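Trainee: I'd like a close look at one part of this model. Could you walk me through it slowly, and show me where it sits in the whole thing?

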Amino acid sequence: MAHALTINNLRFSYLSYQERSNEPLFCDLSLSIEEGERVLLLAPFDMGKTTLAKIIGGVCPKYFPGTMTGSITLFGTDLSTVEPWQLLTEVGYVSQNPAEQFIATTVEEEIAFPLESLGLSRAEMRERIATVLEAWGLAHLGDANESELSGGERKRVLLAIQQALSPRLWLLDEPFDDLDPVWRVRLKETILAGGKTTLVLASRYLADFADLFDRVLLLDERRIVALPLRESLSRFSTLCGDDKPSPLLDQTIEDQRRTTLSAGALAVERKRRSTTSTPPFEMTVDSFALESGELVTLTGANGSGKSSFSRLLCGLDEPKRGVIAIDGKRQSTKELNRSVGYLFQNPDLQIFLPTVEEELSWSLRRRRELSSSEIAERVGFAADLFALDLGDTPTTMSYPKRKALQAAVYYLLDRPFYILDELDSALTYHSALSIMASLRQRGSGILLITHDRLFAAKVEGRAYTIEAGRLIER
Amino acid sequence: MNTSAFVAGNGWLYRFDPRAKILLMVLLCIFFFLPITLLGLFLSVLLVIAVGWRNTGTKNIKGVFLSIAPMLLFMLLFSPFNVRSGEPLWRIGAVTIITVEGALQALRLACRFIGITYVCTLLFATTVMGEIMLALRFWRLPYKAALVVTLSFTYIPFIAESFSQIAESHRLREAALEERKNYIQRLKDLVPTLTSVLVVALRSIPNLAMSLEMRGLGRSERRTSYRSLDSYTRLFTDFVISITIVTMLWLIFKA
Amino acid sequence: MQHNKNALKIAVTAVLTAVVVVFTMIVRIPTAKGYLNLCDVAICFIAFTFGPTSAFIAAGLGTALADLISGYAQWAPISFAVHGLEGLLIALIVRSRNGSEASIVKKILAGIVCMATVSLGYFALSALFISTVAVAAAEIPGNLAQSAVGFVLGLGVSSAVKRAYPPVRSLSW
């Protein structure tokens, strides 16, 4: 059988924008995949999984500068001699973060774009588009805009494009993420039926789909290793820190505060985007409480209203009805802004300044009662606690570091309550738990929002869920 | 945020071929500057408004008018004073305040202003953006230019959404209830927010470039187009209508 | 191999255009009369960071699109010309061959040119094609104030972005 993909002695490091150079992500990495093979590559978060995908797709280091040595051959062609657009029918990449791959105004035009590049006739395009829209349950969304789609729908659009183009190598980065069970099964069936060479990259192991793959590989210490499945999985969980004890267990909380954030008879109105004609959807909360030092989880499907509820708790929106109180005293939105810290899922929306030090000291400097030595001491302490380097530039730090910085900023604000929105997405469970432990250190109450029930189960404490528009305690 | 000036409807203007509609718009704008009688200009503008009202409804027509009302008022109040010569219309003592010519001049400018406004607005209110781009491509707009416009339309909501979230997050980070800030401080506080918005936007550039190439932009095949204006079957007729309307107006109303 | 970066040019222009649209439409500071918009901040940033071509297209196209979207289509061609020219001129003044920071004299000159282009450009084109001399003249003070604030903030934002996001250098063309 012919080789679909061969990588020999790949070494890659990103371009550094500081004095010291970056550590290489890969060293002597080699990989070989036969045509028609289906391979799962397990890689812990932030170990270069997505970079590897972009290298294979031909766009790194072109658009993500760095130094690369080694050779890559794709279906017999040396990758360094071709441009990405020449690979259109050779390799199809589905990104972990679908939003970054959208380029057209509607779903239909999104699918049409690569077909137009191929110069297909209009009739041919119409037929292929109708087929894949049907296959991925998107027929009613043909005219929808990317911003109106849920995460799962976005992923289905990318998979629909993949099917319409039907490239020889399917390069899928966390394809099962965000998909509802029925579409996960559909994806599995599509991969099996298509018979294409498939490389799936994942940072969490999905036992349900184990039988889909011919081989399971592991990205370990900058190279790819092949071990028997059982050993691979055990090594993988070591790499992810899953076997370390949860930092939340036996944690001693320094400060024993006694406050309670509570909400009663709340009604949340969730407005849909302008163009969809469905009426606004209401969510109700009969009673909710969060105490100092407590860990509470909130789970619910995508789009069930978790974020809308969080926005009320931290005072970004006014409730339609009902009261939010701290220790029984009704709070205005302004007061809530200052008592409930809300860590957005995307840390980049909460990072503003050129260095970690400026970022951490920004809000402390605005408090007149603090001397500069006190500020330096607190900033230094927080940097140590969250393992940050004060001189680093936040925008070029890794995702887990940016997430830690976001948490450190809020740690210094010392809010009595924190809401952590999808903290575990793109973080290992262990680093997510460590962030939670640090934020709880001084007795704050924490509400963790997640759609991953596995992660929610790791956090002992009361649990809320949203079902059919009602927030209830489980 | 809404990035479209389109108003849903199905009047004849909606069924008019966009390629011809653009021509009609340009011709009408030129017509408003030609030497025509004031009555003629007035009647033509009235015609444009009437057509707009039939096609896009009262609400839209009113909205457009309200948006230009302050400017219009200002124009009518001040421009008559510019023309000093001619027959006096209003005088206080020996001083002529407004001349007949001045008043007529102001009316002409106001009519022209209203006319241009409605003509431009109607094009965008009755044609979806995608079809305007296709029509501009027909008028020889290069593909890459059309692509830049389309892409920026897809990025506007993303950047606007990031902006509002960043501004919110800034609000959540303030240390304590801060006293009313002065103007300079408010502007200074804006710098980190704007910087952050720009960084978020800039970070998306490599991803966009990557996705364009991975979707085959740059291939040697001749690009085909999925969307077309084929559903408009009367291109020639609509061209003829466009040219006829403007020619007729010119012949009837020329000064 | 020599990479062909056509897609990068398109991506840069499109995203920067969208940035100008958002800064023009969304960010508004209330003043004594009406609003000040921040399109000049975005335009100065682009001129300082990306150079003349990007500045001309993004500034002109961005403000024109903002006019179209907000229902002031009649202003779009004028905005395109005035702001496009503004971006182009600022970028040409502060451009340096060796990538060094522009001198303070150049910055002041760029600021004056920015204010002059915006106020005089709108005055001339609006008086000629849309309104009248008197109406157009009344807009001058507002435009001067807006472009002055925009330019100063633009300077601040440009240097902040360069520090906060060093990879920006690899994006300009």
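**A strand and its surroundings**

Mentor: In chain B, the domain assignment gives domain 1 (12–137 + 232–253) and domain 2 (142–214). Keep in mind that the model is predicted. The centres of domain 1 of chain B and domain 2 of chain B, taken over C-alpha atoms, are 37 Å apart. Four residues of domain 1 of chain B are in contact with four residues of domain 2 of chain B. On the domain 1 side of that contact, three residues are nonpolar, none is polar and one is charged.

Now let's cross over to chain A. Where the two chains touch, chain A brings 51 residues and chain B brings 47 residues. In chain A, helix H2 (107–118), helix H3 (122–135), helix H8 (333–339), strand E16 and helix H11 (399–413) each supply at least two residues of that side. The largest share, eight residues, comes from H2(A). Sorted by class, the side of chain A that touches chain B has 27 nonpolar, 13 polar and eleven charged residues.

Strand E16 (residues 340–343) of chain A pairs with E17(A) in the parallel sense, over four bridges. In this pairing, A:Val340 stands opposite A:Phe417 of E17(A). E17(A) also pairs with strand E18 (residues 445–450) of chain A, again in the parallel sense, this time over five bridges. Here A:Tyr418 stands opposite A:Ile446 in E18(A). To get from E17(A) to E18(A), the chain passes through helix H12 (residues 429–440) of chain A, and this β-α-β crossover is right-handed.

Finally, zoom out to the whole of chain A. It has 13 helices and 20 strands. Its radius of gyration is 24 Å, close to the 23 Å that the globule rule gives for 474 residues, so chain A is as compact as a globular protein of that length. Its C-alpha atoms fill a box of roughly 70 × 55 × 40 Å along the principal axes. Buried residues make up 44% of the 474 residues in chain A.

Terms used:
Residues numbered from 1 in each chain as written. Chains lettered and ligands numbered in written order. Predicted model: local features only at pLDDT ≥ 70, side-chain atom pairs only at ≥ 80, totals over all residues. Rg over C-alpha atoms; globule rule 2.2 N^0.38 Å. Buried ≥ 20, exposed ≤ 12 C-beta atoms within 10 Å, placed from the backbone. Pairing = 2+ DSSP bridges. Right-handed = clockwise from strand over helix to strand, strands pointing away. Contact = placed C-beta atoms within 7 Å. Nonpolar A, V, L, I, M, F, W, Y, C, P; charged D, E, K, R; others polar. Domains from an automatic or database assignment.
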